[in-house]
Amino acid sequence: MGKLKDSDIRELLKQKFTSHDEFILDPTTIVVDELDVCFGSARVDVAVINGKLHGYEIKSERDNLDRLPSQIEYYNRVFDTITLVVSQVHLEKARQLIPKWWGLDCVVEKKISFAITTVRKPKCNKTFKLLDMTQLLWKEELLELLEQNFMSKGVKSKTRFQLGTIAAEKIEHYRVTEFVRSKLKSRTAWRAVPLQQLCDDLQI
């Protein structure tokens, strides 16, 4: 069999999601391809949003790991959990590069197909930055967050960064993270796909 591309691994990963209890048991779970983080400094391959914000970065045989150190820095600021999904050729080097709390999956070749196996399960990120998480929101969503917390006076002319700074400094941590996840899941005008729809599309 030939080398798998990123898009091939992405489909294998999504099939794995459809059998993941944590995702299936939450009917509001959504899957997002190519999610920009940290003011567009990085773009994670796949994000899964439910009670947590999960990031998945894919490295196929056709990729190298040159950008991984900078991606680690940016993803650590935003995601509750992160998993690196690699072809076997990258496994050992990837294991040395990523933080110990990152999950690690490996694409393995079987007789007539490929499968993704779990090498290491992810643990909770204790280093993420609340300001960077607020920047996943659109400006009108940030204004809504501030209004809900009685901080809407005189802020409409401020930038997203300024609004996010106010939210990160003035609002309780859990209120911000819950609001961000809720808004990401409720959006209709972007490229998110409900997990149930993904299951139907994959005919699982």
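Predicted model: local features only at pLDDT ≥ 70, side-chain atom pairs only at ≥ 80, totals over all residues.
Visitor: How much space lies in the largest pocket?
Guide: The pocket is lined by 17 residues. Its space comes to about 320 Å³.

Visitor: Which residues lie nearest the centre of the largest pocket?
Guide: Helix H1 (6-17) and strands E3 (53-59), E4 (81-87) and E6 (114-120) each supply at least two residues of the lining. Nearest the centre of the pocket lie His20, Tyr56, Thr83, Lys121 and Pro122.

Visitor: How many residues of the lining of the largest pocket are charged?
Guide: By class, five lining residues are nonpolar and six are polar. The charged residues number six.

Visitor: Is strand E5 mostly covered or mostly open?
Guide: E5 spans residues 103-109. Buried means under 20% relative accessible area. Six of the seven residues in E5 are buried, so the strand is mostly covered.

Visitor: What is the handedness of the β-α-β crossover from E4 to E5?
Guide: E4 and E5 run parallel, joined by five bridges. Between the two strands, the chain passes through helix H4 (residues 91-97). The crossover is right-handed.

Visitor: In which sense do E5 and E6 pair, parallel or antiparallel?
Guide: A hairpin joins E5 to E6 through four residues. Six bridges link the two strands. Their sense is antiparallel.

Visitor: Which residue in E6 stands opposite Leu104?
Guide: E5 covers residues 103-109, and E6 covers 114-120. Opposite Leu104 stands Arg120.

How values were computed. Residues numbered from 1 in each chain as written. Heavy atoms only, no water. 1 Å grid on protein atoms, 1.4 Å probe; cavity = no way out; pocket = protein on both sides within 12 Å on 5 of 7 lines; lining within 4 Å. Points joined across faces, edges and corners; volume = space filled by probe spheres on them. Nonpolar A, V, L, I, M, F, W, Y, C, P; charged D, E, K, R; others polar. Buried < 20%, exposed > 50% of the residue type's maximum accessible area, 1.4 Å probe, protein only. Pairing = 2+ DSSP bridges. Right-handed = clockwise from strand over helix to strand, strands pointing away.
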